[in-house]
Amino acid sequence: MSDIATPAQSYLTQEAYDRLKAELDQLSGEGRTEIAKRIEAAREEGDLKENGGYHAAKEEQGKMEARIRQLTQLLENAKVGHAPADDGIVEPGMVVTVDMLGDDLTFLMGSREIADADLEVYSEKSAMGAAINGKKIGDTVSYETPNGKTIEVTIKDAKPYAG
């Protein structure tokens with residue numbers, strides 16, 4: 001098994017792609033300039049060991065650079081366009097309802113970057129996501145959870161996400 005992770009291709013609506021691209025452009029342009037100015041201003045205040053403003057700005061810079069890397073990878077590997085076909089087959093970009101242990105669970109299969117905050121998201125790389133990806137309404141599948149339990153789910157619905 002390789003130590004290098006292969007980036008997952010994510011389905012994004014055009015609107016989500018545009019929003020994320022704008023965030024990336026802002027962070028990698030104005031955002032970097034602003035944080036560099038804050039770090040320099042804090043550095044000029046003197047002793048860096050006891051300079052809370054300097055350390056806070058450096059921490060924020062680290063978080064911002066991580067977000068820039070995350071957005072860059074997501075956008076480079078995004079499949080942008082129309083939602084998947086409304087054919088009842090589970091795939092990324094679909095809102096799926098399954099019967100799990102007698103309860104309905106509804107979630108978006110794909111990337112949390114395209115969903116509104118009210119909708120749970122499961123990656124197609126997760127244990128359940130991998131088990132149901134490519135299956136159709138009415139199919140029942142079993143998968144093993146990370147803690148070793150086997151869970152059976154029945155796909156009840158699969159519709160394209162209409163963000």
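**Close-up views of a predicted model**

**View A. Pairing of strand β4 with strand β5.** Within β5, valine 121 is the bridge partner of leucine 108. In this predicted model, β4 and β5 (residues 121-122) run parallel and are joined by 2 bridges.

View B. Strand β3 (residues 94-100) runs antiparallel to strand β4 (residues 103-109), and 7 bridges join the two. Methionine 100 has aspartate 103 of β4 as its bridge partner, while aspartate 99 stands opposite aspartate 104 of β4. The hairpin formed by β3 and β4 has 2 residues between the strands, and leucine 101 in the turn has a positive phi of about 55 degrees.

**View C. Strand β3 and its pairing with strand β7.** Strand β7 (residues 150-160) is antiparallel to β3, to which 7 bridges join it. One of the residues involved is threonine 97, whose bridge partner in β7 is aspartate 157. Of the 7 residues of β3, 5 are buried, so this strand is largely enclosed by the rest of the structure. In a regular strand, side chains alternate between the two faces of the sheet.

**View D. Packing of helices α1 and α2.** Helix α1 (residues 14-43) packs with helix α2 (residues 52-76) at an angle of about 160 degrees, and the two axes lie 9 Å apart. Angles over 145 degrees count as roughly antiparallel, and α1 and α2 are therefore roughly antiparallel to each other. The contact of α1 with α2 comprises 14 nonpolar, 5 polar and 9 charged residues. The crossing in which α1 passes α2 is left-handed.

Conventions: Residues numbered from 1 in each chain as written. Predicted model: local features only at pLDDT ≥ 70, side-chain atom pairs only at ≥ 80, totals over all residues. Heavy atoms only, no water. Axes fitted to C-alpha atoms, helices over the stretch in contact; angles between N-to-C directions. Helix = DSSP H or I, 4+ residues; strand = E, 2+ residues; numbered from the N terminus. Parallel < 35°, antiparallel > 145°, perpendicular 65-115°, else oblique. Left-handed = near helix turned anticlockwise from the far one by under 90°. Nonpolar A, V, L, I, M, F, W, Y, C, P; charged D, E, K, R; others polar. Pairing = 2+ DSSP bridges. Buried < 20%, exposed > 50% of the residue type's maximum accessible area, 1.4 Å probe, protein only.
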